[in-house]
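Please keep the sequence and the model in view while reading.

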Amino acid sequence: ITSKPMVLFLGPWSVGKSSMINYLLGLHDSPYQLYTGAEPTTSEFTVIMHGEKIRSVEGIVMAADSSRSFSPLEKFGQNFLEKLIGIEMPHKLLERVTFVDTPGIIENRKQQER
């Protein structure tokens with residue numbers, strides 16, 4: 001095993017995926033909290049991982065970096081990598097696990113337009 005565990009938050013929109021990550025990392029009411037709301041808000045796959053300072057990393061950069069475990073995602077193409085974003089932050093929990101916040105999954109035909 002070459003990388004730490006990755007926890008994927010998956011479910012319909014507005015059920016608390018981003019809120020749970022904010023809670024686990026203590027990000028509520030901070031400038032770094034993941035955006036939440038009643039309507040569909042997350043349109044990207046957001047990877048929250050440990051880093052020395054808070055910064056964003058583009059999906060293309062993450063996939064091209066051989067020191068990360070995201071290079072296999074290149075096979076899904078440019079369009080997917082543009083919907084992938086990384087956030088690095090110094091947090092004790094992130095030293096042991098990486099979180100992935102996903103867009104809400106489609107529940108019914110009305111939402112398929114999203």
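M49 stands opposite E88 in β4. This pair belongs to a predicted model, in which local features need pLDDT of at least 70, side-chain atom pairs count only at pLDDT 80 or more, and totals for chains, interfaces and linings use all residues. Residues are numbered from 1 along each chain as its sequence is written, and side-chain values use heavy atoms, with hydrogens and water left out.

Strand β2 covers residues 45-50 and runs parallel to β4, to which 6 bridges join it. Strands β2 and β5 run antiparallel and are joined by 3 bridges; here I48 stands opposite F99 in β5. Strands (E, at least two residues) and helices (H or I, at least four) are DSSP runs numbered from the N terminus, and two strands pair if DSSP finds at least two bridges between them.

| Strand paired with β2 | Direction and bridges |
|---|---|
| β4 | parallel, 6 bridges |
| β5 | antiparallel, 3 bridges |

F99 also belongs to the largest nonpolar core, which has 11 residues in all, among them F9, I21, L25, I48, I87 and L94. The elements α1 (17-25) and β4 (84-89) each give two or more residues to this core. A second, separate core of 9 residues includes V47, A63, F70 and L81. A nonpolar core is a set of buried Ala, Val, Leu, Ile, Met, Phe, Trp, Tyr and Cys residues joined through side-chain atoms within 4.5 Å. Leaving aside neighbours within four places in sequence, F99 is in contact (heavy atoms within 4.5 Å) with residues including V7, F9, I21, V47 and I48.

T98 lies in strand β5, residues 98-101. T98 is buried, with a relative accessible area of 6%; buried means under 20%, exposed over 50%, and partly exposed in between, for a 1.4 Å probe and protein chains only. Beyond its neighbours within four places in sequence, T98 is in contact with K4, P5, M6, V7, V47, I48 and M49.

S71 is placed in the loop between α2 (59-64) and α3 (77-82). S71 is partly exposed, with a relative accessible area of 32%. S71 and G59, 12 residues apart in sequence, are 9.9 Å apart in space, C-alpha to C-alpha.
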